[in-house]
Amino acid sequence: MRTFASSASPLAHSPADTEAAADASSHVPAPRALFITCSDSRVVPTLLTGTAPGELHELRTAGHVVPRYRSDAHCGIAATLEFALGTLHIADVILCGHTDCSALRTLQDDPPSSELPLARNWFARAAHRPGPEQRATGTTASRTPEQRHLLAQLHHLRTYPCVTRRLVTRRLRVHAWQYDDRTGRTLGWDATARTFRPLRPALPAATSTAAR
């Protein structure tokens with residue numbers, strides 16, 4: 001921790017500088033998107049999207065798991081979704097998975113509950129176990145286990161009332177991305193073609209393929 005502290009340095013420009021220059025009131029800028037991704041440190045949302053501090057509202061979970069909505073559950077994910085959509089009025093939600101995910105390997109290995117009771121319960125809510133023994137059929141055969149896991153989380157995301165209402169009224173666009181840790185390439189889910197396609201890194205271009 002001491003190493004981190006000694007390496008820390010102030011930003012060359014305050015994140016609020018640009019906004020303050022454009023608006024004398026210096027009001028808090030609204031994020032352009034809610035970025036939901038894995039807690040893995042190799043996934044850096046601002047680098048993937050080319051955005052500046054303040055432009056993304058981030059939500060990280062182990063294995064980018066988004067549990068299916070439950071009305072009786074006091075869930076941080078549900079609260080973050082409601083705040084981002086209802087208060088910040090964010091119009092784009094990006095759900096981003098990645099390759100070589102250690103959390104998904106843990107899910108595949110099915111650890112004993114005595115060793116990781118909370119993590120086991122969390123991963124159980126993913127409703128998809130990306131193991132090599134699973135055989136995909138039909139149109140899913142070309143998708144990797146990580147991609148099938150990502151699409152399962154996308155389905156869960158759409159069960160939240162705050163998401164569903166805005167999708168119906170076309171006030172929200174939901175996107176599914178997969179970042180490749182090895183190549184640096186990002187793929188986006190094309191719901192019309194039912195396949196993943198390469199994306200350009202900039203946010204405006206990348207968000208053009210909305211997951212319907």
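Reader: Is Asp-92 buried or exposed?

Author: Asp-92 has 8% relative accessibility, so it counts as buried. Buried means under 20% relative accessible area, exposed over 50%, partly exposed in between (1.4 Å probe, protein chains only).

Reader: What should I know about the model first?

Author: This is a predicted model, where local features need pLDDT of at least 70 and side-chain atom pairs count only at pLDDT 80 or more, while totals for chains, interfaces and linings use all residues. Residues are numbered from 1 along each chain as its sequence is written, and side-chain values use heavy atoms, with hydrogens and water left out.

Reader: Where does Asp-92 lie, and which side chain does it contact?

Author: Asp-92 lies in strand 3. Helices (H or I, at least four residues) and strands (E, at least two) are DSSP runs, numbered from the N terminus. The side chain of Asp-92 makes a polar contact of 2.8 Å with that of Arg-173. Such a contact is a pair of N or O atoms within 3.5 Å; within protein, one must be able to donate a hydrogen and the other to accept it, and residues adjacent in sequence count only if both atoms are side-chain atoms.

Reader: How do I read the sheet, and in what order do its strands run?

Author: Strands of a sheet pair through backbone hydrogen bonds, either parallel or antiparallel. Here six strands form an open sheet, ordered 2-1-3-4-5-6, with mixed pairing. Two strands pair if DSSP finds at least two bridges between them.

Reader: Which strands stand at the edges?

Author: Strand 2 (56–61) and strand 6 (195–198) do. Each has a single partner strand, so one side of each lacks a neighbour in the sheet. On average, neighbouring strands of this sheet are turned by 30° against each other, direction ignored. Axes are lines fitted to C-alpha atoms, for helices over the stretch in contact; angles run from 0 to 180 degrees between N-to-C directions.

Reader: How many bridges join strand 4 and strand 5?

Author: Three bridges, in the antiparallel sense, pair strand 4 (residues 173–179) with strand 5 (residues 186–190). Gln-178 stands opposite Leu-187 in strand 5.

Reader: Which strands does helix 4 touch?

Author: Contact means heavy atoms within 4.5 Å. Helix 4 (residues 76–87) packs on the sheet and touches strand 1 (33–38), strand 2 and strand 3 (92–98). Its direction makes about 170° with that of strand 2. Helix 7 (residues 145–157) lies across strand 1, strand 3, strand 4, strand 5 and strand 6, at about 160° to strand 4.

Reader: Which residues of helix 8 are buried?

Author: An α-helix has 3.6 residues a turn, so residues three or four places apart point the same way. In helix 8, Cys-162, Val-163 and Arg-166 are buried. The buried residues of helix 8 fall within an arc of 100° down its axis, so they line one face. The arc is that of the directions from the helix axis to the C-beta atoms. They pack against helix 4, helix 7 and strand 4.

Reader: How many aromatic pairs does the structure hold?

Author: Three. Rings of Phe, Tyr and Trp (its six-membered ring) pair if their centres lie within 6.5 Å; planes under 30 degrees apart count as stacked, over 60 as edge-to-face and the rest as tilted. Tyr-69 and Tyr-160 have ring centres 5.5 Å apart and planes at 65°, so this pair is edge-to-face. Tyr-160 is buried, at 3%, whereas Tyr-69 is partly exposed, at 33%.
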